[in-house]
Every structure is written in C-alpha cells, then in structure tokens.
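Student: I have the sequence and the structure open, and I would like to work through the contacts with you. Could we take them one at a time?

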Amino acid sequence: MLTLTGLFVFSACKNGMKQNSGILNNQSAAQKVYVAPGEHDEYYAFFSGGFSGQVSVYGLPSGRLLKIIPVFSVDAEKGYGFNEETKPMLNTSFGFVPWDDAHHPELSQTNGIPDGRWLFINGNNTPRIAKLDLSTFETTEIIEIPNSGGNHSSPFTTENSEYVVAGTRFSVPFPQKDVAIGSYKDNFKGALSFIKLDEDGHMDIAFQVLVPGYDYDLAHSGKGKSHGWTFFTTYNSEQSHTLKEINASQNDKDFIAAVNWKKAEEYLAQGKAQDYPTEYLINRYDEHSHTSTSITRNSVKVLIPEECPGLIYYLPTPKSPHGVDVDPTGEYIVGNGKLSADLTVHSFDKMMTAIANEAFEETIDGIPVLKFEEVLAGTVSSGGLGPLHTEFDADGNAYTTFFISSEVVKWKVGSWEVLDRAPCYYSVGHLMIPGGDSKKPWGKYLVALNKITKDRYLPTGPEMNHSAQLYDISGDKMEMLLDFPTVGEPHYGQGIAADVIKNRSKKIYPLNDNTHPHNIKSEAEARVERDGDVVRIYMTSIRSHFAPDNIEGIKVGDKVYVHLTNLEQDWDTPHGLSIMGARNAELLVMPGQTETLYWEPQKPGVYPFYCTDFCSALHQEMQGYIRVSEATSDIKLSWSLGESI
Amino acid sequence: MVETAEEPEDPMANKGIGPVSEVTLGAEIDEAMAAEGKSIFETMCAACHKIDEKFIGPSPKGILKRRSPEWVMNMILNPEQMIKEDPVAKALFIEFNMSPMANQNLTEDQARKVLEYFRTLE
Amino acid sequence: MRRRINYLMLIASLLLVLLFVFPLWRITLTAPQYPDGISMFIWINKITGDNEYTLQNINILNHYVGMQYIVPESIPELTYFPYIILFMTAAGVAVAFTNNKKLIGTWLVTMLILGILGIYDFYLWEYDYGHNLSDKAPIKVPGMAYQPPLLGTKMLLNFKADSYPHWGGAVLGLSIILSYVALIKSRFSHEKS
C-alpha cells in the first residue's frame, strides 16, 4: 500500500514537472517575442507579397505588420497606380500593366553588408525590377527587363550594389519573334541581365549575357574572394517546352552558371558587346516633384559567350538546383537540388583551379562545363527531401529549407555535418535570417516562409494567408517562437537591424522642396482653371479643410484634374481625397506632397468630396461640394472657402 | 493497421496504410460500378494518370497484378501518409520526381468504384 | 577715476551678446499624439520651434480652440528688444571701463527693471493668446483659457505645457548676478583705497 502511494506520488510529480516545463518553454518563447507597447522591434523584415505584387514590412521578433508598400500592383488604399503621379510607374513596353508577381526582396549592400538604402524586388510576370527607397518606404524606380520571361533569378545584388541581376526563368525567342513553339531548341535563348546603378542610384541595363535556352531559376553574387562573380542556377537543360514537370526533370544534373562580371566589364570596354534592338521602359519617381516619368530604351548590349572566353562557366549540379547560396566567406556555393535529398556544395577556389587547368567536360554554346568532381567541395546528406534555399548565421552554420519534408536543417559549413532540424508548418519555401545572405549575418532569428497554411490559424474559407514561423537560432538548437500569417505569398524576405533604417526614415516632405508642376504652396494660390474641356483644380488641405471647398462651373464631359497639395508639415498627417462617382481610387497625400485625382463627371448634380484619412477632431467636417452642370450650361467657373460662391 | 509497413517483400500482401483493411472483389466485374468508376477516374485522377503510359504518376493498367486492392484504395484515400510511411509508395514518390499524389477527397465508396474500373484495365 | 577696468562688469555686459545665440525661454507642449513634444523657443528677436514647421503645427492645433495665430512679425517687442540689449551691452562695457560704483549700480537697476518689464510683457502676450479666443472656435470649453504658465507646468486640455527659462534666460540671470558682484567689489575696493 505504502509502495503504491509512493509510486503514485512519484508519477504525479513527474507529470506535474513535465507540464510545468512545457509552460515554462511557452513563457520563455512568449517573452522572447514580446515587444512592449510603445517599444520598437529589433529588426525590420521585408517580405514579398508574391502574387499580391507588394512588399510587406514586419517587425521582428514581434511579427507586427508595419506597412504594405505597393510596388507592382495598383493599390487603391494609397492611390498607387490610380493617381496621375504614380500611373507611369506601371508602364511597360506593353503599356500599363497593373499587376505583377513579386518574389525576391533584396537589400542594397555596401561592402557586402545590407546598408538600408534601398530594397530591390523582382516582378516575374512582365519582367521588371523595382527599387524602393527606405527613407520614404516608397517605390521610386521600376525597370523592365527585355529578352526575358518569368524574371525569377532576380534581383540579387553584388557586394556594393554595383549591379542587380536578372536571369530569365523562361527562355524565349531572343529577340522576341513569332515562331513555332516546337522550334524551341533552335530559337529560344536565355538572358542573364546585369542592371547597373549609377551614382544617383538610377538603374539601367549595362549588358545581357546570351545563354542557352534553359530555365534560369535563382542567383546570388559572390562576396569577399568571389566578389566579381554571380551564380545562377539552371533547370530544364533538357530544353523541353511542354509538360515540364516530367520533361524538365530527366537529366541527372543541370548547371550552376558562374558569370565573371568584371570580365564582362572588360569586354564591354573593348566594344565586344552587340547592340540588339529591343524595347524596354525605365520608370522613375522623383521625391521632389512627386511625379514619375517613363523613359524608353530601344537597344540593349549583349555579350555572346562564344566571343567572350572566360565570361561564363557551367558547374554541373544534381537534380534541378533551385536556390544557389554563397556562404559569408565567399568560398562555398551551395546548390539546393530540389529533386534530390542532398545538397551539393561547390568550392570557389576549386572552381578557379579547374578554370586555370581547363578541367572541362564539354563546351555548350561557348560555355565550358567544368568537371563536377573538380569543383565539388562536399555534399550535405541530411535525410530531408526537396532542398530549396540556404542562409547562414554568423557562426559558420548554414540553414536549409526542405519543401517536401517541411523542415529547416542546420548544418556546419565545411564539415557538412547536420546539427539540428526543426519542422515547419507547412512546406517551407524560402527562409530568411537577417543578413543571412550577406557577408555579415546578424543571425539570432530565422523566419521560415511557408507555402501551405491549412489548420495553423482560424479558417478563412478556401484561401488563407501563408504562414511564417520565427525561430530563435542563437542557441545550439533552433527554437520556434512565433507563428504568424503573412500577406499574399511571402516568397522571400530580407531582414536588417532596425537602427540601420529607422534613423533615416523621413517624417514629412518639406513643402519648400516640392517642385510638382501643379503644386501650390498656400491657400492664397488655390484656384480653378479651365482650358477647353480640361479643368484643373488647384487645391490645398490642412487640418481641417480643403481650399477651395465649394466649386461650381464644372460640366459633364470635362476632364477634371484635382491637384491636391497637403500643406501640413507635421509627422503622420496625411489627408485623403475622394469624390463621389469618380471612377478612380482616393488620393492619400503625405505632408508637403502634391497628388492628382483624375475625374470625368458623368451626370449633372452636386457631388460631395471629403478627406478619407481620419486627420483630426474635425475630420468629419473636412469636406466640400462640387457642382456639375450640363455640358451646354453657361454657369461660370467659381470657387470659394468660408463664404458662398 | 500499420504492421504492413515492415513487409515490402511481397507487394500483394501489403495492404497499405489507411482506412481500408479488407476488400472483397466479386467473381465477375460489376460493369455498372466500373462505369461509374471510370467517370470518377476521368474527373479526379486523369490529370496525372494515363492508362497507356507513365505520366505524372504511374499507369493504373494491370495494377491489381502488382498491388493488393486494399493498397490501391488506401493510396487513393490516404496518399499523404502512404508516401511518408508505406515503403512501396515511398519508392514510387522518389521515382516520380517527388510529385506527391494529391488527395482528391474521394469517399470510400467512390474509391471502391475506381478500383472496380481498374479491374477492367488489363 | 580708477584706472583699472572692472572685468566682472565687462563680462556681465558682454554676456548679453549671448542672447542672440541662445533662446530666452522654452515652452514645450506634450500630448499622447505628440510623444516627443512640440517646443517653442522665445528669443530676444524671434520665435522658433524644434524645426521650421513648428509654429505652423502649433497654430493648427491652436485654431481648434480659437486662439490667434502666432505670427512673430506682429510682435513689435521682437524688433526693438534687440536694440535695447545692444544698448545695454555697450553701456555696460563703458561702465566697466569707468569702474564707477554709481554707474554700475544704475546699470544693474536698469537691467532689473527691464527684466521685470520683459517678464510682465511676456505675461501679457501669454494672457492675450490664452484668453482672446475666436467666437467661432470649433471647440469651446466654458471657462477654459489657454494661457501657458509663466514659469512651471500646467495642463491645457490634452496638452501639458512646460514653461521654463532656456540658456538665454540663464545668461541674463548670470549677467545680472555678475554685475551685482561687480557692484559690491567696486564698493569694497573704493573703501579700501
């Protein structure tokens, strides 16, 4: 009896302790992600929205959503792509394209370290690269990439953001032409584009490398000793054009293409590039005029490997490699063979030796294929399935995602030994460690960006936001801290210490610096002008009224431009503007900014307009009327504020 | 139900992992059932399985000479667990470039009809 | 006449030049929506804020309760106070060279009177801004005035107003104290000789 009681007490204790330690773990995870009200997060995280075409900004470790920045998709919330100032940002050689598929955010770098100046992101569908200014968190430039389709291996930067690169996922006729799809092997080529940043940070295409018609999947540039090289993965070296899920998965090995862009610069200087006629647009937004303009280019410089020895080499890599990731030292190039269980790691030093010794297996279209054994540094056999992407911490460890086995595996760079593994919920694609693809990772946290959500949160019908999980990687074992939904498809992310960005963040646009062609700087200049059927309303906003707020003499069929200048010069005091019946979105005008709403009045009547952003105690009073008369009416143009017209 | 995972030697003895533990096949093919099964197959399965060739997944032709009827139904009804735990399904998953078989949410009755249709494919 | 220059008096008068370098007074408004506060600086010759937009931002807030706009150009004191200060500096330097006890005393008393008048004037302006409210103010709180404190802290609706001397005010005080010490020392040296 005594023994039984003893046993019972013992087992009760054991259960109690087990439960307690579980609660303690949860408490410690909760503490690690707790950022007290009013306190700031330690890191900014930038996640792409995938098919939302936007970038979402989160704080880590709290997982707080800070902002959604419109990039490739029109955004009614901010009037992006709806107001006259930002419409040109979405211009392409096909005209206005209001959507794209945004995959890879990439922070600009100085000496291989993210510097918080810009964020680049690719648009896959109609190939484009956007540049976001991180002092304003606005999209300030979008460049179209010609001779490409599915701009996926993009926009990875070099060590000092000399270039961002863009490799084509689809090979296409180069230059584009009307040919039979079945003539793929004869007519289809790939393009690896190098976009140069000038001193003002403006992007333009320096050159493209013409490569065989494979699919170029992902890229990363070398760093440290491998600075000067950029690596692209390929698949579909079978060159199939239909049922690729089978036909592009036949070869045991595809390639990692290594491009020596410093050599390319030499060839460019020697005039070895050929000018290919094409058409692509560059759209630039100016922070002072608050307007964007489109520039059209009609040719691009193309380097052809047969004519440029030493420009590009192929490193054989097993089973359709997806991500290619360079470790912080620049020595190891990790190929994540997505249809295999193992990771293939190449050595930069061995690659250079193999090139010097001409250890080539064969040559494809002027591109030497290096012997696999001569460049191989090692293989990571983790037991996981479907490796996709690898990032690094500051202590010589690498972390690889496995889509099929839905996990992150931690391994040692150099010894290739597996150290830890953690499950992801579910089917992780990219992962993000702040600075984890740079020369100096901050480490500390890892975010798994998952493709499948299922039961992780309260259900929201068939479609759910994708899930992300935050892990603490500061210890030997990864510890999951937080699970949070993201916007669209958070394809990839970038993280950076908050201090690098937060002190550069602007609070207002100085009104004195506003050079918008239709700005006004005071209420005294507020007016309405007619030129034929074009009517320009020069309007101001300040808490809590518009000037003018009564307007008459507009007619059905007029083309009305409302140029609204926000005279506020205080932080976080935007004003919005919406007009009843306007087939348009609102304006959302920042302090010191001018934006334009285009409106074609349809029917006679008196139409209210109002401020849409709750601005002050008298926000509901911030409104006005516009009278619209028949086209034949002779009512004179007039306006007022504070008195009857 | 899980014990078969250890016996890959005789595939016909492997009943797979899932809700189906015992299927009795009639002496003759039930044509009405097979016809319904064919229609279900064409809607739910044909995107990845072709009768006369290896496609995204294997051909079901002659499958009942290679697999037990229980295994076939469990593969249809419980593919997620099958490709993780059943040795035969695991091997097929690797062979087919890691394209996981999709769970099309068939009922047991529908799966049984598809099985009847498979009996007609010689 | 003494030959020796009264250096304390010289420093006391020259210190006044610093009033053109530092503001006299600072009024800081803080509210939940303004966690960093909005500060207004009162100089001998101008009114400034944390940045060039502060006055506009204060005026926007003030218009809800019907306060007048603060327009530095409409405050004449800001125009003639600088001349008074320059005159007192020059006079003080001259006095330092004479090192005459009576003149030092006169300078000190003049400064004290000017200081008191200045503070009284500041109070009148504050009173005017705080009480002279528009009839059409959107927000009217019966019995409420918005006069900031002359010295100290006061709640004005949702804003906490802190009003304290700034460096210029301290310099002015130091100048007066130094001239007082100069006066005493000048007396002692007179009695000694």
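Student: How many salt bridges does the rule find across the interface of domain 1 of chain A and domain 2 of chain A?

Tutor: This is a predicted model, in which local features need pLDDT of at least 70 and side-chain atom pairs count only at pLDDT 80 or more, while totals for chains, interfaces and linings use all residues. Residues are numbered from 1 along each chain as its sequence is written, chains are lettered from A and ligands numbered from 1 in the order in which they are written, and side-chain values use heavy atoms, with hydrogens and water left out. A salt bridge is a side-chain nitrogen of Lys or Arg within 4 Å of a carboxyl oxygen of Asp or Glu. For domain 1 of chain A and domain 2 of chain A, the number found by this rule is 0.

Student: Which residues of domain 1 of chain A lose the most area to domain 2 of chain A?

Tutor: The domain assignment, whose bounds come from an automatic or database source, gives domain 1 (43-502) and domain 2 (520-640) in chain A. Between these two domains of chain A about 920 Å² is buried, with 47% given by carbon and sulfur atoms, where buried area is the accessible area (1.4 Å probe) that two parts lose on being put together, summed over both. On the side of domain 1 of chain A, 42% of what is buried comes together from the three residues that lose the most area, namely A:Glu84, A:Glu85 and A:His290.

Student: Which element gives the largest share of the side of chain C that touches chain A?

Tutor: The contact (heavy atoms within 4.5 Å) takes 11 residues from chain C and 14 residues from chain A. The elements of chain C that give two or more residues to this side are strand E2 (34-42) and helix H2 (54-63), where helices (H or I, at least four residues) and strands (E, at least two) are DSSP runs, numbered from the N terminus. The largest share, 5 residues, comes from H2(C).
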